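Visitor: I am new to this structure and would like to learn how to read it. Could you walk me through it?

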Amino acid sequence: MIPDSKQAIAGSITNFLKPQDMVAGFGIKKGDHIADFGAGHGYFTIPLARAAGPNGKVYAIDVQDAALDAIRSKAAFEHLLNIEYIRGDLDNPGGSHLTDRFIDLVVMANVLFQAEHKDIILHEARRILREGGRLAMIEWDASGPDAVLGPPRESRMKKETGRAVALQAGFEYDREFSAGSHHYGLLFVKK
């Protein structure tokens, strides 16, 4: 029996990117402070807020007000009160509007491949992270399969490039993690 198109699409999206599974592997402790750079519509923000718990805080940072409004709606539906919404331009130094050495984890999902100033964004992440804080980088895999979703292969950032730009920004490589069929995930630590 051939599955109908809606089931096939739902199945491929489920296997596409599983933020709740990735978040579970980040080592988040209740009460952590987390920054979601380029939060978009909250694909990672919501699972991060659940993981941080009511005493933690997630800072959803995006340049678009409409994206932050979408996260507000999702958070209200789930009664999540531990999210702060920040309109920020991460291509500018200090663009997160967060305090130095205050954050336990920065998550960047599909941010760097489209950024003109990758170094500025990574330095901003390093500035706000505490010593021992972590950076989770999730990007479209340039060597992965072509898909209807996502940028053209030539626009994607190679895994080696992602690792190199983070190391140049002063991060220490920790490990790679599973990020689905079309992405790679790299975890770094601020030393």
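Predicted model: local features only at pLDDT ≥ 70, side-chain atom pairs only at ≥ 80, totals over all residues.

**A guided reading**

Visitor: Where is Lys29 placed in the chain?

Guide: Lys29 sits in the loop between helix H2 (19-24) and E1.

Visitor: How many helices and strands does the chain have?

Guide: There are six helices and seven strands. In sequence order they give the pattern α-α-β-α-β-α-β-β-α-β-α-β-β.

Visitor: What share of the contacts between residues at least 6 apart in sequence join residues at least 24 apart?

Guide: In this chain the share is 71%. As for burial, 48% of the 191 residues are buried.

Visitor: Why is helix H3 said to be largely enclosed by the rest of the structure?

Guide: The way to read this is to count buried residues, meaning those under 20% relative accessible area. Helix H3 (residues 45-52) has six buried residues out of eight, so the rest of the structure largely encloses it. The buried ones in H3 are Thr45, Ile46, Pro47, Leu48, Ala49 and Ala52.

Visitor: What covers the buried residues of H3?

Guide: The cover includes H2, E1, E2, H4, E3 and E4. After H3 comes Gly53, which has a positive phi near 75°.

Visitor: Which residues does Asn82 touch, not counting those up to four places away in sequence?

Guide: Asn82 touches Ala49, Ala52, Gly53, Pro54, Gly56, Lys57 and Val58. Its place is the loop between helix H4 (65-77) and strand E3 (83-87).

Visitor: Is Asn82 buried or exposed?

Guide: Asn82 is buried, because its relative accessible area is 4%, and the cut-off for buried is under 20%. Its side chain also has polar partners to look at. A polar atom of the Asn82 side chain lies 2.9 Å from the backbone oxygen of Ala49. For the backbone oxygen of Gly53, the distance to a polar atom of that side chain is 2.7 Å.

Visitor: Which residues does Glu78 touch, again leaving out those up to four places away in sequence?

Guide: Glu78 touches Ile46 and Arg50. The C-alpha atoms of Glu78 and Ile46 are separated by 8.7 Å, and the two residues are 32 apart along the chain. Glu78 belongs to the loop between H4 and E3, and with 34% relative accessibility it counts as partly exposed.

Visitor: What should I know about phi when I read a backbone?

Guide: Most residues other than glycine have a negative phi. Here, His79 has a positive phi, near 60°. His79 lies in the loop between H4 and E3 and counts as exposed, at 68% relative accessibility. His97 is another non-glycine residue with a positive phi, about 65°. It is found in the loop between E3 and E4 and is exposed, with a relative accessible area of 56%.

Visitor: Which residues have the most contacts inside the largest nonpolar core?

Guide: They are Phe37, Val106, Met108, Leu122 and Phe171, in a core of 30 residues. Among the elements that each supply at least two residues of this core are strand E1 (33-37), strand E4 (103-109), helix H5 (118-128) and strand E7 (183-190). Another core lies apart from it and has 27 residues, including Val23, Ala109, Ala179 and Leu187.

Visitor: What is Phe171 in contact with, beyond its neighbours within four places in sequence?

Guide: Its contacts are Leu122, Ala125, Arg126, Leu129, Leu135, Ala166, Phe188, Val189 and Lys190.

Visitor: How many residues line the largest pocket, and which lie nearest its centre?

Guide: The lining has 28 residues, and Gly38, Ala109, Asn110, Val111 and Gln114 lie nearest the centre. The space in this pocket is about 720 Å³. By type, the lining residues are 16 nonpolar, eight polar and four charged. Helix H1 (5-16) and strand E2 (57-62) each contribute at least two residues to the lining.

Note on methods
Residues numbered from 1 in each chain as written. Heavy atoms only, no water. 1 Å grid on protein atoms, 1.4 Å probe; cavity = no way out; pocket = protein on both sides within 12 Å on 5 of 7 lines; lining within 4 Å. Points joined across faces, edges and corners; volume = space filled by probe spheres on them. Helix = DSSP H or I, 4+ residues; strand = E, 2+ residues; numbered from the N terminus. Nonpolar A, V, L, I, M, F, W, Y, C, P; charged D, E, K, R; others polar. Core = buried A, V, L, I, M, F, W, Y, C linked by side-chain atoms within 4.5 Å. Buried < 20%, exposed > 50% of the residue type's maximum accessible area, 1.4 Å probe, protein only. Contact = heavy atoms within 4.5 Å. Polar contact = N/O pair within 3.5 Å; in protein donor to acceptor, adjacent residues only side chain to side chain.
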